Amino acid sequence: MSDTPFGFGLPPEEPENGDEGKKKDPTGGGQGSGGPANPFGIGPGAGGDNPFAAMFGTMNPNDLGAAFQQLGQMLSYEGGPVNWDMAKQIARQTVSQGTQDGSKDASVGASERSSVDEALRLADHWLDGVTSLPSGSVSTVAWSRAEWVEASLPAWQKLVDPVAERVGLAMGDVLPEEMQAMAGPLIGMMRSMGGAMFGQQIGQAVGVLAGEVVGSTDIGLPLGPAGKAALLPLNVERFGKDLSVPQDEVRLYLALRESAHQRLFAHVPWLRSHLFGAVEAYARGIKVDTSKLEDVVGQFDPSQPEQLQDALQQGMFQPEDTPEQKASLARLETALALVEGWVDAVVHEAAKPRLTSADALRETMRRRRASGGPAEQTFATLIGLQLRPRRLRDASRLWASLTDARGVDGRDGLWQHPDMLPTAHDLDDPDGFVHHEQLDFSELDKMLGEAAKGPQKRAAEGEDGATDEASDGTKRDGKDDTDQ
C-alpha cells in the first residue's frame with residue numbers, strides 16, 4: 001500500500017512534460033516558469049499517483065465538463081452504500097447501446113404482449129396437473145429490456161447492499177490508523193466515491209444482463225414484483241434463434257419456467273426472505289482486498305466504467321475461510337439449487353408430453369447455466385459468489401425421485417418449512433433422503449394429527465386419563481397397604 005492513500009497528494013516535482021503539473025512552491029507560483037500551479041494534476045502531464053489525473057489526464061478538454069459533472073455526482077452522493085440513481089442511469093445507457101450482436105431494445109408491441117400473455121396462461125394451466133401449488137401469477141406482462149431494468153432494481157438493491165456496505169467500510173480502513181481520526185471528510189468523500197463505484201459496476205452489469213434474461217427469475221431469485229409473471233419477447237426470440245425449435249415452443253417452455261417460479265415464491269411464504277437472508281449472511285463473511293480497492297480507486301476513469309467492472313471482478317471479494325462462512329455458502333448454494341431443481345423437474349414433467357422439443361430445450365437451459373451463463377456471472381460480479389451448476393442437476397434428480405416415491409403432494413409438502421428441505425449432503429445421496437425421510441414422515445403425520453385434535457377432546461381424554469390414574473393409584477395404594 002502506498003503512503004498516500006488512493007494516491008491523494010501533490011503532483012510530482014519533475015513531470016515529464018515541461019512545467020505542466022509542477023509542484024506548487026510556497027509562494028503560490030509554479031516552479032521554474034512562475035506559471036500557475038496545478039494542484040490537482042489535471043492535464044496531460046499529471047502524475048499517475050493522483051486519482052484526478054487518472055480520471056481526467058487523458059481526456060479531451062471538451063469532455064472535461066461532463067467529467068466534472070460526473071465527479072460532482074460521485075462526491076455529493078450521501079445515500080446508502082450504492083448510488084442507485086447512478087446504477088439506474090448506467091443500466092439504461094447500457095441497454096440503449098444494444099447487445100454485442102447488434103440487437104437493440106424496442107418497445108413491446110401489442111401482438112408480442114398477446115403472445116406472451118397467451119403463453120403464460122397456457123403454461124399455468126399445464127402446471128396445474130404436475131404440482132400441488134396453485135397459480136402464483138396475479139398478472140402477466142411482456143417487458144422490454146429497459147422495463148426489466150426498472151422492475152428488477154429493487155431486488156438488486158437487496159442483494160448488493162450488504163456487500164457494498166462492507167466495501168464502504170473498507171474504504172475507510174485503508175487509511176493509515178493515525179490518519180483516520182482526522183480524516184473524517186476524506187473518508188466521507190471516499191465512501192461517496194465507493195457508492196458511485198458500485199453504482200457504475202452494478203449499472204453496467206444489470207444493463208448487460210437485461211440483454212440476455214428471458215424473464216424475472218433467471219437467477220433462481222424473484223427479481224420482479226410479486227405475482228407478476230414476465231417474459232422479454234426480444235430475448236426469448238434470441239434464446240431460440242439457433243435452436244431449430246419453433247418459436248412458439250420456445251416461448252411456452254420459458255413461460256413454464258417463469259410460471260413455476262411464480263408458484264413457488266407465491267405459496268412458500270418464507271422462501272423469498274430465506275434466500276435473501278442467506279445472501280446477506282454470506283455477505284457478512286466476505287473480506288475486501290483493500291490493496292485491490294486502493295488500486296481500483298486510484299485508477300478510476302469515469303469515462304470508462306467497463307474498466308471498473310473488470311477490475312472489481314478480479315479478486316476484490318475474498319470469502320473468509322472459516323467453518324461458519326463455508327456453512328453459509330453451502331446453505332445458500334443448496335437453497336438456490338433446490339429452487340432451480342424443483343422448477344426443472346416440474347417443468348419437464350409438464351412439457352414432456354406436450355412439446356416435441358422439451359428434451360432439447362431442457363438441455364439447452366441446463367448447459368446455459370452450467371457454462372456460467374449471464375445469471376451466474378452477474379451474481380458472482382455483484383456479491384462475490386460463484387454458484388456450482390452441478391448442484392442444479394443433483395437437485396432435479398432428487399425432486400424427480402421424490403415425485404416417484406411420494407407423489408406430487410408429498411414432494412411439494414417439503415416446502416412447508418425450510419427444516420424439511422434436503423441438505424447439501426442429501427443432494428449427494430438422493431435415494432437415501434427419499435427412503436429415510438419417508439419413515440420419519442409417518443411419525444410426523446401422527447404427531448400433527450394429535451396436535452390437530454380439538455381442545456375439548458384433548459381435555460376429555462385428559463380427564464379420562466386422570467380417572468384411570470386415580471383408579472390405578474388406589475389399587476396400587478391398596479396393594480401397598482396389603483403388602484405392608
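In the predicted model, the side chains of Arg-391 and Asp-394 form a salt bridge in which the closest N and O atoms are 2.7 Å apart. Both residues belong to helix 16 and are separated by three residues, about one turn of the helix. Arg-391 and Asp-394 are each buried. Through salt bridges with shared partners, Arg-391, Asp-394, Arg-397 and Asp-428 are joined into one network.

Helix 16 spans residues 390–412 and also contains Ala-405. This residue is partly exposed, because its relative accessible area is 42%, which falls between the limits of 20% for buried and 50% for exposed residues. The C-alpha atom of Ala-405 is 8.1 Å from that of His-435, although the two residues lie 30 positions apart along the chain.

In total, 19 salt bridges were counted. One of them pairs Arg-263 with Asp-124 at an N to O distance of 3.2 Å. Since Arg-263 lies in helix 9 (residues 247–267) and Asp-124 in helix 4 (residues 110–127), this pair ties together parts that are 139 residues apart in sequence. Both partners are buried. A further salt bridge links Asp-412 to Arg-411 (2.8 Å, N to O), and these two residues are likewise buried.

Helix packing was examined for helix 10 (residues 271–284) and helix 13 (residues 323–351), whose axes come within 9 Å and cross at roughly 150 degrees. The crossing is left-handed. Residues making the contact include Leu-271, His-274 and Leu-275 of helix 10, and Gln-325, Ser-328 and Leu-329 of helix 13. The contact residues comprise 11 nonpolar, three polar and no charged ones.

Notes: Residues numbered from 1 in each chain as written. Predicted model: local features only at pLDDT ≥ 70, side-chain atom pairs only at ≥ 80, totals over all residues. Heavy atoms only, no water. Helix = DSSP H or I, 4+ residues; strand = E, 2+ residues; numbered from the N terminus. Buried < 20%, exposed > 50% of the residue type's maximum accessible area, 1.4 Å probe, protein only. Axes fitted to C-alpha atoms, helices over the stretch in contact; angles between N-to-C directions. Left-handed = near helix turned anticlockwise from the far one by under 90°. Contact = heavy atoms within 4.5 Å. Nonpolar A, V, L, I, M, F, W, Y, C, P; charged D, E, K, R; others polar. Salt bridge = Lys/Arg side-chain N within 4 Å of Asp/Glu carboxyl O.
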